[in-house]
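Hi there,

Here is the structure I promised to pass on to you. Have a look at it first, and then read my notes below.

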Amino acid sequence: MNYELLNPKDVFLFFGEINKIPRPSKHEEKMISFLQDFGKQRGLETIVDEAGNVLIRKPATPGMENKPTLTIQSHMDMVCDKLVDKEIDFTTDPIVAYVADADGKPDANGEWLTADGTTLGADDGIGCAMELAILDSKTIEHGPIECLFTRDEETGLTGANNLKSDMLRSNYLLNLDSEDEGLFYVSCAGGKTTTAIFNFERDDADKTKHWFFMEISVKGLTGGHSGDDINKKRANSIKLLSRFIYMEQQKMPVCVAEFNAGKLHNAIPRDGKVVIAVPFTEKETVRADWNVYCAEVEEEFHVTEPTIEWHMESTEPVKVIPFNIGGRLIHALQAVHTGVFSVVQDTMLGEITETSSNLASVQTEEGRCTVVASQRSSVMSNLKNMVNTVRAVFELAGADEIKHNDGYPAWKMRPDSHIRDVAQKCYKNLFDKEPKIIGIHAGLECGLFAERYPNLDMLSMGPTMRGVHSPDERLHIPSVEKVWKLVLEILKEI
């Protein structure tokens with residue numbers, strides 16, 4: 001990929017450099033070192049805090065010293081997902097990108113940048129690239145700025161959660177972690193992750209030779225971000241597989257041997273595989289039911305899942321999860337709510353998703369099965385209710401252990417926001433149209449910043465991306481240039 005051919009050139013050159021650096025969540029050490037060296041080589045004040053966040057300060061350009069300090073912020077880590085047959089080590093290998101058309105097919109004249117079978121890392125590498133381009137420039141006009149690069153946003157918001165309350169000097173923060181050009185985000189959802197563990201000792205189900213083992217799988221789903229995309233009626237591979245097994249359990253005994261689907265706590269799972277055992281006399285019934293079920297689901301999701309793939313085949317006998325535990329597991333997966341739970345009307349933001357839940361992953365090991373589900377809400381009392389609703393399902397199913405992470409708070413909109421007003425004015429002057437003010441159902445680090453800095457006036461924006469958190473991730477190249485122009489204008493006008 002020749003990033004010099006893309007505009008704005010300086011931004012994309014830094015994005016290319018960033019994509020050479022392995023930076024999976026919780027493994028950002030190489031990116032931290034890169035940022036340290038970058039700041040020191042340019043004589044800029046560079047701080048790395050105990051959590052691994054990097055802050056680089058740059059003085060105002062001559063004549064703008066009296067401007068208020070502005071913090072520009074992005075996160076340095078990326079979601080690492082890939083196609084099933086793609087070989088890559090995200091801890092050592094670079095991201096390989098190419099220019100594509102809207103369908104992701106290589107096209108030198110296309111308007112999209114995507115990666116070869118992996119996530120692209122534009123979330124939030126492109127935000128980091130804009131910050132680096134500003135810090136590197138000798139011609140951009142700005143007041144005092146501090147560029148904050150947080151770590152581990154995607155799997156725990158660790159960096160933002162451990163940011164000290166005396167690190168930032170600014171009363172204004174521009175977050176570059178949103179995914180639709182022309183949309184200004186002024187609030188976000190809070191969230192928690194629920195993990196349920198089922199322990200067991202495996203049984204030898206085939207000792208009577210009356211069981212027939214089958215492997216069933218689904219792949220090719222659209223997937224996406226479990227917050228921002230949860231309202232788009234996309235299929236969840238865990239729900240599709242458990243739904244079929246639950247229906248078969250109403251007809252006959254079904255033993256579960258393996259259930260593996262989903263990889264990330266914040267993504268809608270795209271694929272999954274289950275090994276089950278059914279009575280030998282019922283194998284043809286199951287095959288027929290599977291064919292009918294696949295056709296029905298394809299019709300049900302014909303708009304959002306055009307590339308869904310199904311597979312069923314016989315497989316060798318293996319030890320199974322005890323019948324009663326496997327049954328309770330499937331009951332839980334059938335019952336846990338996945339999708340939008342409620343929407344809310346806001347006088348400024350319109351109709352937005354308020355509360356949701358997503359079954360994110362199921363992983364079976366030798367003696368345990370671990371289920372991860374994430375809950376989100378822009379109203380913290382409703383988040384607590386959604387978490388308790390999911391917990392109650394796992395309690396009824398007899399899970400041996402149920403735990404929650406610390407979560408993150410919602411970010412409430414400020415009715416009087418100076419940075420929002422400045423950004424609106426700049427956008428209208430540049431593009432002769434109004435931006436849309438909106439809230440996002442995904443979590444943003446702004447919620448945690450608001451806890452540490454109650455007076456911090458914040459706005460989140462970014463270029464257009466699609467398929468974020470999946471191998472379909474792609475970045476709209478023209479939108480990067482628009483956002484870049486807008487950021488530079490805000491720097492002058494704030």
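Which element gives the largest share of the lining of the second largest cavity? The answer is α11, with three residues.

Before going on, please note that this is a predicted model, in which local features need pLDDT of at least 70, side-chain atom pairs count only at pLDDT 80 or more, and totals for chains, interfaces and linings use all residues. Residues are numbered from 1 along each chain as its sequence is written, and side-chain values use heavy atoms, with hydrogens and water left out.

**Cavities**

On a 1 Å grid over the protein atoms alone, a cavity is a set of points where a 1.4 Å probe fits but cannot get out, and lining residues have an atom within 4 Å of a point. A volume is the space filled by probe spheres set on the points, which are joined across faces, edges and corners. Searching the whole structure turns up five cavities of 30 Å³ or more.

The second largest cavity holds about 60 Å³ of space. Its lining includes F184, Y427, F431, K482 and L486. Besides α11, the elements giving two or more residues to this lining are β8 (183-188) and α9. Helices (H or I, at least four residues) and strands (E, at least two) are DSSP runs, numbered from the N terminus. By type, the lining has seven nonpolar, two polar and three charged residues. Here Ala, Val, Leu, Ile, Met, Phe, Trp, Tyr, Cys and Pro count as nonpolar, Asp, Glu, Lys and Arg as charged, and the others, Gly among them, as polar.

The largest cavity has a volume of about 100 Å³, and D81, K263, R270 and H469 are among the residues lining it. That lining divides into four nonpolar, four polar and four charged residues.

Now back to α9 (residues 418-431) and α11 (residues 477-493): their axes come within 9 Å and cross at roughly 125°. Axes are lines fitted to C-alpha atoms, for helices over the stretch in contact, and angles run from 0 to 180 degrees between N-to-C directions. Therefore α9 is oblique to α11 (under 35 degrees is roughly parallel, over 145 roughly antiparallel, 65 to 115 roughly perpendicular, and the rest oblique). Contact (heavy atoms within 4.5 Å) involves V422, A423, C426, Y427, L430 and F431 of α9 and K482, K485, L486, E489, I490 and E493 of α11. Those residues divide into eight nonpolar, no polar and four charged.

Enjoy exploring!

Conventions: On a 1 Å grid over the protein atoms alone, a cavity is a set of points where a 1.4 Å probe fits but cannot get out, and a pocket is an open set with protein on both sides within 12 Å along at least five of seven lines; lining residues have an atom within 4 Å of a point.
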